[in-house]
Amino acid sequence: MSKSSISEPTRGFKWIAAILVAFYSLVTIMPLLWIVATGFKSSADSIAYPPKITFQPSLEGYVNLFTTQTRQTKEFMAANPPKNWYEEIVHSKGMVIAGPSRFGERFLNSTIIGFGSTFLSVLLGTMAAYAFSRFRVPLKDDLLFFILSTRMMPPIAVAIPIFLMFRAVGLSDTHAGMILLYTAVNLSLSVWLLKGFIDEIPREYEEAALIDGYTRFQAFYKVVLPQAATGIASTAIFCLIFAWNEYAFAVLLTSGTAQTAPPFIPTIIGVAGQDWPAMAAGATIFLLPVMVFTILLRRHLLRGITFGAVRK
Amino acid sequence: MAKIQIKNLRKEFGDFTAVEASSFTIEDGEFFMLLGPSGCGKTTTLRMIAGLELPTSGEVVIDGEDVSQMPASQRDIAFVFQMFALYPHLNVRKNISYPLHSQGMSRVEIERKVADVSATLEIEDLLEKPVSGLSGGDRQRVALGRAIVRNPKCFLMDEPLGALDAEFREHMSDELLRLHNKMKATTVYVTHDQLEAMQMGDKIVVMNHGVIEQFGTPQQIYNTPKTMFVADFIGSPPMNFLNFQAKLKIGTTKIKLGNQTVDVPELYQETSGNTVFGVRPEHVRFTDNTGYRGIVTATEYLGTNQLVTLDTANGEIKARISSSQKATVGETVGLGFESQKITLFDGKSGSALRSALNNDGANNG
Ligand SMILES: Nc1ncnc2c1ncn2[C@@H]1O[C@H](COP(=O)(O)OP(=O)(O)O)[C@@H](O)[C@H]1O
Ligand SMILES: [Mg+2]
């Protein structure tokens, strides 16, 4: 390694780096900010040209997102004055609320399927990874390669067979079917990632627990799991991001009961053309769970791996 | 407290044999040393005693009970790992009390035991600290605390001082011995450091390439090595080896070394061909009434002693003599040997020839 690579960077260099990072962050976060802002615009503001940077914020998009509306006669509207703030927003457009929209259900589906498959992928992945890491499994290398090989082709390449299989066994448009599918896709990643993490945990910790009178399974969940927290957290985030954002299978395999948010959001079409604020509001809400999940697990990601107690 | 018998214990990893059929007995309360160079199978042997590794064949008998196939958690032994293996997510107190929780002991009892142990080891101040910030010595103490807190049948220690700084090692080894003398618990201690083994052990097993070379007290192993490997591994500097050709009969007391006659302990075994004359440096002295000569090639001053390296007709030899004696590089001097301390080895097999010195029968491994 050359000398300069380990010496402290100069002040000027640091400034240039900071500016580049700031610029890059701005570029990447811009579309996101634009979506969040659009969600709070009125319909007119959202399609104004030139685009508006400052505007009168409105919750119209969110109200449209969560409700279905119909046009009513003036007499009906006069006879039924708005009872609360969101009815008032709808009234001001000359409409009334007919009922809740499907967005709530779809969002709930996304949550059940996303978190359900993440939980299963991580649970099964951790146990498989532990077994591969610690025991003499026959044909271990071949099995590991086989598991990895399931990722070598894009999952969507087998969309048609999966579609037919799901239809044959009655898994089409069910929560169980989608959880199964996403778990199957994520599991190989989960096993490989977690095996790497568990390999790094010295065996002596579990052996100490075995000596201290604990069973192998107790040693696994009392000693190995806390040590693997970093790996489990990052694996869970990867799995959730995939399952949460997955679009192609969701379009193909779900249409009603089990439809997730990604295929639903683009179908939000207002009475008078595309309802951009409602779609942006949907996208904003859709972003939140992964963000919150990541922030909650951040402590584990940043804590790093505490191998301090064993000197290597 | 326990007596441990190892009977024909053997371990293979695939087609590699890490431990060849070995047998020895560790008496109750003994401080027992497993000594050998790195990779010779010490850790594997210890892990088989602990139950962390199942033997390919053979038996481990603790207090008369064959535990060879029993899981570690049921053997009631404590293990101090080479790198301590303290639970990194628990603080010192929890680390020490961890083995007690598995026994379902009451809170009050656990509290009391942890207090006792931490007082013995003088680590009361550390109890609430995380283990990651501890110094090597303190980690060592916590690891010991975790081992002694539940009064196991025996302690197994895998190079417990290996991870410590040299200056601290001596201090910790004193502390370990003090603890052992107080608790009188059977201890099996693995080390590759012959000095440590000689200083601390009641008995020593010397291993090489998975084979037990010798088993006995430090004195037996030092004075009457059974193989050239042991003679070379033990002692610093090691035993001198002078090669010569001979045809010796039972009852021989004199041999020919470089045309000079040298006295040796009475031989109980005949031999012929390549033979090795083994003598410890402190049993070599300078003398004028001998024809056996060497040229001084180096001297090393060690305070009251000095170590003199010489060239002889049969190879290089080191002598540990008083510093008051004069030794000049390039000078030729006469060499005498303390005849009753000589061990002869068969040059081919490397084993010691039986003689009046080593035939007391007490050191058969
Ligand atoms: N789990 C294992 N699989 C294969 N070989 C092993 C395993 N454990 C130890 N060995 C081998 O067995 C030999 C003895 O190892 P070990 O008992 O750790 O030696 P020591 O503790 O004396 O240094 C070494 O050559 C080592 O590579
Ligand atoms: Mg070892």
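Over how many bridges do strand S4 (residues 57-62) of chain B and S5(B) pair, and in which sense? In this predicted model, strand S4(B) and strand S5(B) are joined by two bridges in the antiparallel sense, and within this pairing Ile62(B) stands opposite Glu65(B) of S5(B). Both strands belong to an open sheet of four strands in chain B, in which the order is S2-S1-S4-S5 and the pairing is antiparallel. Strand S2 (16-26) and strand S5 (65-66) of chain B each have a single partner strand, so that one side of each is left without a neighbour in the sheet. Helix H1 (residues 42-50) of chain B lies across strands S1 (4-13), S2 and S4 of that chain, and runs at about 120° to S1(B).

A further open sheet of chain B is built from five strands in the order S15-S19-S16-S17-S18, again with antiparallel pairing. Its edges are formed by strand S15 (284-286) and strand S18 (315-322) of chain B, each of which pairs on one side only, and neighbouring strands of this sheet are turned against each other by 45° on average, direction ignored.

Strand S12 (residues 254-257) and strand S13 (residues 260-263) of chain B pair in the antiparallel sense over four bridges, with Lys256(B) opposite Thr261(B) of S13(B).

The largest nonpolar core comprises 52 residues, of which Ile4(B), Phe24(B) and Leu156(B) touch the most other members. Helix H11 (residues 204-211) of chain A gives the most to this core, contributing five residues. When neighbours within four places in sequence are left aside, Leu156(B) is in contact with Leu46(B), Ile49(B), Ala50(B), Ile77(B), Ala78(B), Phe79(B), Val80(B) and Val188(B). A second, separate core of 44 residues includes Leu121(B), Val149(B), Leu161(B) and Met172(B). In soluble globular proteins, nonpolar side chains tend to be buried together.

The contact between the two chains was examined next. Here 29 residues of chain B are in contact with 20 residues of chain A, and the chains bury about 2,200 Å² between them, of which 57% is on carbon and sulfur atoms. Of the area that chain B buries against chain A, Pro88(B), His89(B) and Tyr98(B) supply 23%, more than any other three residues.

Within chain A, the division is into domain 1 (43-101) and domain 2 (104-301), and the C-alpha centres of these domains of chain A lie 38 Å apart. Ten residues from domain 1 of chain A and eleven residues from domain 2 of chain A take part in the contact between them. The area buried between domain 1 and domain 2 of chain A is about 860 Å², with carbon and sulfur atoms giving 71% of that area. Gly61(A), Tyr62(A) and Leu65(A) supply 46% of the area that domain 1 of chain A buries against domain 2 of chain A, more than any other three residues.

Notes. Residues are numbered from 1 along each chain as its sequence is written. Chains are lettered from A and ligands numbered from 1 in the order in which they are written. This is a predicted model: local features need pLDDT of at least 70, side-chain atom pairs count only at pLDDT 80 or more; totals for chains, interfaces and linings use all residues. Side-chain values use heavy atoms; hydrogens and water are left out. Two strands pair if DSSP finds at least two bridges between them. Axes are lines fitted to C-alpha atoms, for helices over the stretch in contact, and angles run from 0 to 180 degrees between N-to-C directions. A nonpolar core is a set of buried Ala, Val, Leu, Ile, Met, Phe, Trp, Tyr and Cys residues joined through side-chain atoms within 4.5 Å. Buried means under 20% relative accessible area, exposed over 50%, partly exposed in between (1.4 Å probe, protein chains only). Contact means heavy atoms within 4.5 Å. Domain bounds come from an automatic or database domain assignment. Buried area is the accessible area (1.4 Å probe) that two parts lose on being put together, summed over both.
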